[in-house]
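Open the model in your viewer and keep the selection tool at hand. Each stop below says what to select and what is there.

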Amino acid sequence: MLKKIMAALLAACTICVLGACGKDDAKTPDTKPDSTVTEPDNSDNTADNNTETEIDYTSDLSTERYDGYNYRMLVRKGKINDQYLEDDSEDLVESATYKRNKEVEDRYGITITVSESNDSNYETDALNSILAGDDAYDLIFAHSRAAFVYAIQGAAMNFNDISTIHLDKPWWTQDITESCNINGKLYVLDGDISTSGLGATMCLFFNKRIFDELGYDYPYEMVKDGDWTFDEFSYLAKKGGADLNGDGVMDPEVDQYGFRAEQWEAPMNILYTGGQKIYDKDDEGNLQLTLYSTKTVEIYDEFFSLMNNASCILFSTATGYKGSGMFSEGRAMFTDTELRHAQTLRNMDDDFGILPYPKFDEADNYATATNGGSHLLVIPITVSDVERTGAITEALCAIGSRDVIPAFYEKSLKTKYARDEESEDMIDIIRSSRIYDIGYVAGGTFQSCGCDLANSTNHDFASYYASGETAAKTKLEEFNRDYAGLSN
């Protein structure tokens, strides 16, 4: 697993400043990691894949010097430290980011500066200036749906046209380079330049004490054997509820539930566990509306049938109560969540474990989405030298993959917060199973299908789809035209 492979890397890495969110005291090693390390090849999306490949992080980076250039980032509100720090930090990941920037600055003779977006949600505040021809930024970190606004408005560069960005490299999220590449157009990107996408990857946490009290084995071996299915999960979730105060009524304020879910998590990700997508490409590479299928109907029927069980609870806008403390208080056997939220449970009394979402059927692959609130990258069309911008961006991503991601993945996420080694293995599986549905991240009539169904009165997918199909096809035609340059 990656944790074993990266151990030697981290021992020699300049980023090893202990502390993460707790900010413990630390010493920084004097040596930098080798530019070549060994990592697993997760390309076949299986739990048993132990093939190792060499990753050379620096040999293909640009050797040009851009002395005196100011490389300018626009970063989402409240996320500055994800990309830029004035000084080194005791936080492990922040320190790694600081050192990455300094290494890139020294490599190219540049200065990196950052501005903060004015909008904390759908950040498009640079759009008008770009369309007016203002060369104000080299790279924009935007809310995923805002990134597509830049794209369809003609404000974003096509990453396929930037020779200094190597899209086949493992530090770029490969599912995005495939899924969001339509008719040779790829205007948005994600990768190891940031920990945001990894942190926002959806998963499940489970309470080990409740498993122990009920006499059930933890599901780790089922996951590894490929037997972790929705039926297995449902069976356990239905057994996990308990009327703790004995009043005969299940109350989310005081009682225990087998599964607590929220509108933006499980109802969205359950679609992908059965291999379905809102939009997908046909054999010619054209984007199609693919949400409706007999399997999608089955997936949502089964999911909402489970959520109607007395041992499960679905929090939505309609129900009001979000139950944010239920899992940390030890009153939920399972909860839907994102990987980064493990960091919020450091004071939880009960031990917890981390799991991928179950496959819907055994024949399916493990699949997980990155929350649509995460950001995507955009390079404005106004940059004066796109190859220079591409070269610096590539270096930030490659060295981020070498240094920053291991800090986040191995220390902050795994060692500090995951409570057992098996959870570390599960994180490897989750990371390798990430998928991007352009119908979810780009927007459209069905962009929030799971959330919409969670807030509907009867959770009837077929009628929900029928009511929006015509509008959805029109929206897709517009997207194919504006993003991909496709005509009917």
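**Before you start**

This is a predicted model, in which local features need pLDDT of at least 70 and side-chain atom pairs count only at pLDDT 80 or more, while totals for chains, interfaces and linings use all residues. Residues are numbered from 1 along each chain as its sequence is written, and side-chain values use heavy atoms, with hydrogens and water left out.

**Whole chain**

Show everything as a cartoon. The protein has 16 helices and 15 strands; these are DSSP runs numbered from the N terminus, with helices being H or I of at least four residues and strands being E of at least two. Of the 488 residues, 58% are buried. Buried means under 20% relative accessible area, exposed means over 50%, and partly exposed is in between, using a 1.4 Å probe and protein chains only. The protein exposes about 19300 Å², of which carbon and sulfur atoms supply 43%; the areas come from the Shrake-Rupley method with a 1.4 Å probe. Among contacts (heavy atoms within 4.5 Å) with a separation of 6 or more, 77% are between residues 24 or more positions apart.

**Colour by confidence**

Now colour by pLDDT, the predictor's confidence in each residue from 0 to 100. The average is 88, and 88% of the residues score at least 70. Select residues 1-51: here the pLDDT is below 50, although the stretch has 129 contacts in the model beyond near neighbours in sequence. Where pLDDT is low, the predicted coordinates should not be read in detail.

**Two residues with positive phi**

Most residues other than glycine have a negative phi. Select Asn 183, in the loop between α5 (174-179) and α6 (196-199). Asn 183 has a positive phi of about 55 degrees, and its relative accessible area of 39% makes it partly exposed. Next select His 459, in the loop between α15 (449-454) and α16 (461-484). The phi of His 459 is also positive, near 55 degrees. Is His 459 buried or exposed? Its relative accessibility is 16%, so His 459 counts as buried.

**Ser 448**

Move to Ser 448, in the loop between α14 (438-441) and α15. Ser 448 is buried, at 8% relative accessible area. Leaving out residues up to four places away in sequence, Ser 448 touches Arg 145, Trp 264, Met 268 and Tyr 464.

**Aromatic rings**

Show the side chains of Phe, Tyr and Trp. Rings (for Trp, the six-membered one) pair if their centres lie within 6.5 Å; planes under 30 degrees apart are stacked, over 60 edge-to-face, and the rest tilted. By this rule there are 29 aromatic pairs. Select Tyr 216 and Tyr 235: the ring centres are 6.2 Å apart and the planes stand at 75 degrees, so this pair is edge-to-face. Tyr 216 is in the loop between α7 (208-214) and α8 (220-224), and Tyr 235 is in helix α9 (residues 230-239), 19 residues apart. Tyr 216 is partly exposed at 22% relative accessibility, and Tyr 235 is partly exposed at 45%.

Stay on α9 and select Phe 230 and Phe 233, three residues apart in that helix, about one turn. Their ring centres are 6.2 Å apart with planes at 50 degrees, so the pair is tilted. Both Phe 230 and Phe 233 are buried. They belong to one aromatic cluster, whose members include Phe 206, Trp 228 and Phe 360.

**Charges over rings**

A charge sits over a ring if NZ of Lys or CZ of Arg is within 6 Å of the ring centre and within 35 degrees of the ring normal. Select Arg 388, which lies over the face of Tyr 69 at 3.5 Å from the ring centre. Finish at Arg 431, over the face of Tyr 409 at 5.0 Å from the ring centre.
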